[in-house]
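Colleague: Before we go through the aromatic residues, I would like each label set against its cut-off.

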Amino acid sequence: MLKSLYHIFRNECPNCHKGKVFADKSFFFSLGFPKMNEYCDHCNFKFEKEPGYFFGAMFVNYGLTVGEGIITYFLASPFFDETFDLRIIPIIGVVIVLLSCFNIRLSRMIWIYIFKNYSM
């Protein structure tokens, strides 16, 4: 499990762990919609198995976003007097928007690694 997380955050191919899934240099600090490589440079592994393959990654992205929103709420709530202050909603919104590009990449990497062939 820890090795898979290591390879996910390093943007490595799930098959050979040498090629890169995304064409962007930085996995963490890239703005805009991610540009994915179609095949691995080293082992020729196809990342998108079929049209609509990454539709399921949208649900992973939703889970990440909800988790980040909850964590942001608990980190920001001590700075407010009331338990649920409405001024915390824009803070959560800003965090979600700032992390959206990272979430797209991470959710696609998690989705690819969920369905990789573990028998090899």
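Modeller: Rings of Phe, Tyr and Trp (its six-membered ring) pair if their centres lie within 6.5 Å; planes under 30 degrees apart count as stacked, over 60 as edge-to-face and the rest as tilted. Tyr73, Phe74 and Phe84 form one aromatic cluster. This is a predicted model, where local features need pLDDT of at least 70, side-chain atom pairs count only at pLDDT 80 or more, and totals for chains, interfaces and linings use all residues. Residues are numbered from 1 along each chain as its sequence is written, and side-chain values use heavy atoms, without hydrogens and water.

Colleague: How many aromatic pairs does a search of the whole structure find?

Modeller: The search finds 6 aromatic pairs. One of them joins Tyr53 and Phe54, with 5.0 Å centre to centre and 75° between the planes, hence edge-to-face.

Colleague: What makes Phe54 buried?

Modeller: Buried means under 20% relative accessible area, exposed over 50%, partly exposed in between (1.4 Å probe, protein chains only). Phe54 has 10%, so it is buried; Tyr53, at 11%, is buried too.

Colleague: Why is Phe55 called exposed?

Modeller: Because its relative accessible area is 53%. Phe59 also counts as exposed, at 53%.

Colleague: How do you know that the charged end of Arg108 sits over the ring of Phe54?

Modeller: The test is NZ of Lys or CZ of Arg within 6 Å of the ring centre and within 35 degrees of the ring normal. The charged end of Arg108 is 4.7 Å from the centre of the Phe54 ring and is assigned as sitting over it.
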